Amino acid sequence: MAYFERKKLREKRHSMGKLINKNGIEVQNSAKPVFEELMRGTGCVMAEKSSIFIENEGINAKYIIVSKVPEPQGPATAKKFPSASFKEAWEYFTN
């Protein structure tokens with residue numbers, strides 16, 4: 001990853017504000033702590049206008065759902081990712 005791409009990612013993370021889990025405890029704003037919270041913690045992380053959570057669909061099927069509200073009065077949008085593609089879900093969550 002080039003220097004400018006890392007810098008741009010860092011700026012996006014800081015623009016999201018603080019992240020909290022389902023219990024209201026703050027989660028560090030980076031991919032690894034969020035992944036750990038989703039898979040081994042409460043299963044849900046929320047930011048100001050978006051959330052990311054785990055949905056179990058059967059015994060073996062798990063999906064990562066990213067929900068966003070782009071405008072205060074607008075409709076919420078949700079996108080579903082297989083649990084193996086956390087990187088894509090994280091990029092969508094942070095953009």
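Which residue lies over the face of Tyr92? I looked this up and found Lys68, at 5.0 Å from the ring centre, where a charge sits over a ring if NZ of Lys or CZ of Arg is within 6 Å of the ring centre and within 35 degrees of the ring normal. Lys80 lies over the face of Tyr63, at 4.6 Å from the ring centre.

I note that this is a predicted model, in which local features need pLDDT of at least 70, side-chain atom pairs count only at pLDDT 80 or more, and totals for chains, interfaces and linings use all residues. Residues are numbered from 1 along each chain as its sequence is written, and side-chain values use heavy atoms, with hydrogens and water left out.

Next I looked up the aromatic pairs, for which ring centres of Phe, Tyr and Trp (its six-membered ring) must lie within 6.5 Å, with planes under 30 degrees apart counted as stacked, over 60 as edge-to-face and the rest as tilted. The structure holds 4 such pairs. The planes of Phe35 and Phe86 stand at 65° with the ring centres 5.1 Å apart, so this pair is edge-to-face. It links distant parts of the chain, since Phe35 is in helix α2 and Phe86 in helix α3, 51 residues apart; helices here are DSSP runs (H or I, at least four residues), numbered from the N terminus. Phe86 also forms a stacked pair with Trp90, 6.2 Å centre to centre and 25° between the planes.

Finally I checked accessibility (buried under 20% relative accessible area, exposed over 50%, partly exposed in between, 1.4 Å probe, protein chains only). Phe86 is buried at 11%, Trp90 is buried at 9%, and Phe35 is partly exposed at 27%.

Terms used
Helices (H or I, at least four residues) and strands (E, at least two) are DSSP runs, numbered from the N terminus.
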